[in-house]
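These notes are meant for a colleague who is opening this structure for the first time. Please keep the sequence and the view at hand while going through the numbered points.

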Amino acid sequence: MKTLLCGGAGYIGSHMLKWLVERGHSVTVLDNLSTGHREAVQWGEFVQADLLDPASLESAFAGRSFDAVIHFCARSLVGESVAQPYDYYANNVAGTLNLLEAMKRHGVSKLVFSSTAAVFGHPVQDFIDEEHPKAPINPYGASKLMVERILADAAQAHGLRSMALRYFNAAGASPESDIGESHQPETHLIPNALRAALGTGPGLKVFGSDYPTPDGTCVRDYVHVDDLAQAHEQALAYMDTHEGAHAFNLGNGQGFSVREVIDAASRVAGRPVPYELAPRRAGDPPVLVASSQRARAELGWSPRYTSLDDIIETAYRWHRNPRY
Ligand code: UFG
């Protein structure tokens, strides 16, 4: 199978790339390297192109044929999206429209799209399933929900088959430590906790300790990046037999508080995580935990990493000696 992997130089995209190539897929990576790393593209073919530049986008399609596109290109920081909404709507919505038009021109009719738990906004139930109301509370989540709507319209108008996969908190790294999570700046909890423990980053700030949760800190559902990759491969297969636009939630179905993550990171690193309590961060819902029953039942998804320590262990091995 020949796949165009947009955003394959990024954190989740590069793990997807490795996963597919190791399973015999032929992959072309498209990335503008605005936040991704050329060093992360260790497999397949690389084309530097930008979804907002139709000429460079065309160069990725020209002379190649693809069975499907997997689309990870996006700006993805909640706080930044509140400050820079135009950037988020341009990159995430207009960029995706350009990609969809290019796919239509070149006769590619299957798309796996990176969506997010941020499409739900404040949860109204304990386990968030696909039917949960969608009411994003920031431009990032809104931009992803807009694309989900566009995909439903594209199915009607053009017969596009699509799978929107809504990730909860992607975490961990390839067990071989050849690729891993490297954001600049780093805003995510697990890398920040591990870097604090290793002394390669500042002490951790715990954003909020007065939430209505058992220990007062926010609860999240951490899912290993290779388990996300597994779901994408299954999503590609699902579209062989299913028309239309579909959406699936991807999480482990188990919530861990910031304090529990700190404890796990200390256990894995074998040393304490230096931290201080800090005010709440804008836009953080207290609890976000997925129901992934539908992905398990319909895609046959079966996450391999169910223990938080095992997920953090793979991240720790990467952060001890990051290659980029
Ligand atoms: N946190 C800290 N200190 C830090 C970093 C994070 O206390 O240095 C806390 C946050 O306040 C939050 C939790 O740890 O309560 C997890 O934060 P992350 O930044 O690791 O992840 P988020 O839950 O904010 O974001 C993730 C994805 C987003 C997506 C969102 C869906 O990174 O792209 O889940 O809600 F939108």
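1. The protein chain is assigned two domains, domain 1 (2-171 + 223-250) and domain 2 (189-220 + 253-320), with bounds that come from an automatic or database domain assignment. This is a predicted model, in which local features need pLDDT of at least 70 and side-chain atom pairs count only at pLDDT 80 or more, while totals for chains, interfaces and linings use all residues. Residues are numbered from 1 along each chain as its sequence is written.

2. Between the C-alpha centres of domain 1 and domain 2 the distance is 24 Å. Their contact takes 27 residues from domain 1 and 24 residues from domain 2, where two residues are in contact if their C-beta atoms, placed from the backbone, lie within 7 Å. On the side of domain 1 that touches domain 2, two or more residues come from each of helix H3 (78-83), S7, strand S10 (222-224), H7 and strand S11 (245-250); helices (H or I, at least four residues) and strands (E, at least two) are DSSP runs, numbered from the N terminus. H7 gives the most to this side, with six residues. By class, the side of domain 1 that touches domain 2 has 15 nonpolar, eight polar and four charged residues, with Ala, Val, Leu, Ile, Met, Phe, Trp, Tyr, Cys and Pro counted as nonpolar, Asp, Glu, Lys and Arg as charged, and the others, Gly among them, as polar.

3. The ligand has 21 residues around it, of which Ala 118, His 188, Leu 189, Phe 207 and Cys 218 come nearest; a residue is near a molecule or strand if its C-beta atom, placed from the backbone, lies within 6 Å of it. Helix H6 (189-198) and strand S8 (204-207) are the elements that give two or more residues to this shell, and S8 gives the most, with four residues. Eleven nonpolar, six polar and four charged residues make up the shell around the ligand, which draws at least three residues from each of domain 1 and domain 2.

4. Helix H1 (residues 11-22) and helix H7 (residues 225-241) have axes that come within 9 Å and cross at roughly 60°. Axes are lines fitted to C-alpha atoms, for helices over the stretch in contact, and angles run from 0 to 180 degrees between N-to-C directions. H1 is therefore oblique to H7, given that angles under 35 degrees count as roughly parallel, over 145 as roughly antiparallel, 65 to 115 as roughly perpendicular and the rest as oblique. Among the residues that make the contact are Tyr 11, His 15 and Trp 19 of H1 and Asp 226, His 232 and Glu 233 of H7. The contact of H1 with H7 comprises eight nonpolar, two polar and two charged residues.

5. For H6 and helix H10 (residues 308-320), the axes come within 10 Å and cross at roughly 55°, so H6 is oblique to H10. The residues in contact include Pro 191, Leu 194 and Arg 195 of H6, together with Ile 312, Tyr 316 and Arg 320 of H10. Seven nonpolar, one polar and two charged residues form the contact of H6 with H10.

6. Two backbone details deserve a look. Gln 184 and Pro 185 are joined by a cis peptide bond, with omega about 0°, and Pro 185 has its place in the loop between strand S7 (169-171) and H6. Leu 33, a residue other than glycine, has a positive phi near 60°, and Leu 33 lies in the loop between strand S2 (26-31) and strand S3 (45-48).
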